[in-house]
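Work through the exercises below with the sequence and the structure side by side. Try each task before reading its solution.

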Amino acid sequence: MIARVRPFQLILEIESQGMSPRDFVQAHATDDRLFSGRFFSSEPLEVTPGDRVGVVLLVPGAPEKTEEVLPFLYHRLMLPRGTRSGWKLWLKHFQSQFSARLLSRHIIPEYRSIGGGTAINRLNREQSVELKARLISTDLLPGGVDVSTYIASPFGTPSMVQAARELQADGVTHVILLPLFPQYALETTGKALSMWESLVQKRVLDTRPTLAIYEFSTRSKYIAALSERIEEALQRFPRHIRPEVEILFAAHGIPTKGEANHRDPYPSLVEGTVKEIMSLRNDDRSYSLSFVRRRSWGDQVSVDLRERLRRMARAGSRAVVVVPVDYVTEQFDTAFLLDVRMREVAEAAGIPHYQVASGLNCHPLFMDGLTDLVVESLVAAPSEG
């Protein structure tokens with residue numbers, strides 16, 4: 001049986017704070033900062049010996065249990081894209097509740113087929129543990145400063161509220177918000193930073209010096225790690241087919257109606273990532289980029305991506321490697337939609353050789369790059385006198 005979202009409350013962790021849909025919407029910024037990401041300073045934090053820095057990895061998150069799927073979907077659908085009040089707010093609430101119930105009927109069986117969301121969140125936890133180990137072992141941080149890592153999702157499990165409680169309990173004095181979304185987008189990093197700000201405004205989290213990292217879409221180690229994942233995927237093709245393999249980069253699309261999306265930097269940042277990857281590879285093979293657009297979150301695979309594969313087949317392509325470029329771990333999209341559903345589409349279209357590149361996960365180069373970002377975000381405060 002599918003769990004029911006109670007009419008006037010949000011997901012379980014938000015409920016614990018007594019926030020209604022109106023509270024939730026009002027706590028979120030609807031100004032230009034959603035497009036710029038400037039909710040917090042980007043200047044390095046000054047720290048002194050004895051300070052404790054909390055590095056919060058902002059992640060997509062995933063339901064780990066069947067009963068978490070419905071509230072997770074509701075949360076994503078309910079997150080505001082603009083100012084709402086009165087009847088429009090409650091209409092959005094009931095629409096989100098209804099849509100989440102419909103979507104969950106399709107997604108729950110698919111989640112079960114890939115083992116649920118436990119594996120997805122486990123990869124983020126592994127990244128958190130690995131990053132902390134690297135930060136502890138480096139000699140590049142200011143002396144006498146302790147560093148801890150946390151993971152939090154603006155969409156549900158693992159919740160931001162829980163991460164906030166852990167920060168408080170650990171006595172964190174400074175915060176670095178590190179989104180694991182390589183390219184800044186209103187729908188991901190923007191909403192994550194907005195929600196973190198709302199926790200401060202609601203006094204769920206004490207005010208403390210906070211730095212937010214905007215994006216890392218063209219950082220050299222991130223690009224090099226992606227290129228290595230492509231190379232690994234190419235090795236899964238038969239040797240005689242490898243010279244023919246074309247690269248199809250895939251990224252999530254953004255809504256195209258009702259918002260000023262021309263101001264969202266996400267599409268150009270994705271294109272910049274692809275350009276840097278192929279530049280590093282000396283444009284060694286044919287490639288293209290497809291933005292995966294859905295009618296709503298969790299709906300069927302983008303028509304655009306499906307048609308792109310069919311066009312490639314009609315042009316004579318026999319081998320394709322799909323490379324997700326806007327997430328850094330295995331996601332539901334890669335685990336089921338791209339690797340299962342789209343494989344069927346490719347084979348039916350006449351492309352017999354189809355592979356999906358693995359997520360970066362704890363790739364050493366990628367973890368080195370995250371470590372660099374944290375190190376660059378901290379400086380020793382000038383000594384008095």
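**Exercise 1.** Are Tyr266 and Phe291 buried or exposed?

*Solution.* Please keep in mind that this is a predicted model. Tyr266 and Phe291 are both buried.

**Exercise 2.** Determine how many aromatic pairs the structure holds, and classify the pair formed by Tyr184 and Tyr214.

*Solution.* The count comes to 7 aromatic pairs in the structure. For Tyr184 and Tyr214, begin with the ring centres, which lie 4.7 Å apart, and then take the planes, which meet at 15°. Planes under 30 degrees apart count as stacked, and therefore this pair is stacked.

**Exercise 3.** Classify the pair of Tyr266 and Phe291, and say which elements hold the two residues.

*Solution.* The ring centres of Tyr266 and Phe291 are 6.2 Å apart, and their planes stand at 70°. Because planes over 60 degrees apart count as edge-to-face, this pair of Tyr266 and Phe291 is edge-to-face. Tyr266 is part of helix H10 (residues 266-280) and Phe291 is part of strand E7 (residues 287-292), so the pair ties together parts that are 25 residues apart in sequence.

**Exercise 4.** Which charged end sits over the ring of Tyr214, and which residues form one aromatic cluster?

*Solution.* Over the ring of Tyr214 sits the charged end of Arg38, at 4.4 Å from the ring centre. The aromatic cluster is formed by Phe216, Tyr222 and Phe366.

**Exercise 5.** Describe the backbone, the location and the accessibility of Arg203 and of Asn361.

*Solution.* Arg203 is located in the loop between helix H8 (186-201) and strand E5 (210-212), and with 74% relative accessibility Arg203 counts as exposed. Turning to Asn361, another residue other than glycine, one finds a positive phi near 50°. Asn361 lies in the loop between strand E9 (353-356) and helix H13 (364-376), and its relative accessible area of 14% makes Asn361 buried, since buried means under 20%.

Notes:
Residues are numbered from 1 along each chain as its sequence is written. This is a predicted model: local features need pLDDT of at least 70, side-chain atom pairs count only at pLDDT 80 or more; totals for chains, interfaces and linings use all residues. Side-chain values use heavy atoms; hydrogens and water are left out. Helices (H or I, at least four residues) and strands (E, at least two) are DSSP runs, numbered from the N terminus. Buried means under 20% relative accessible area, exposed over 50%, partly exposed in between (1.4 Å probe, protein chains only). Rings of Phe, Tyr and Trp (its six-membered ring) pair if their centres lie within 6.5 Å; planes under 30 degrees apart count as stacked, over 60 as edge-to-face and the rest as tilted. A charge sits over a ring if NZ of Lys or CZ of Arg is within 6 Å of the ring centre and within 35 degrees of the ring normal.
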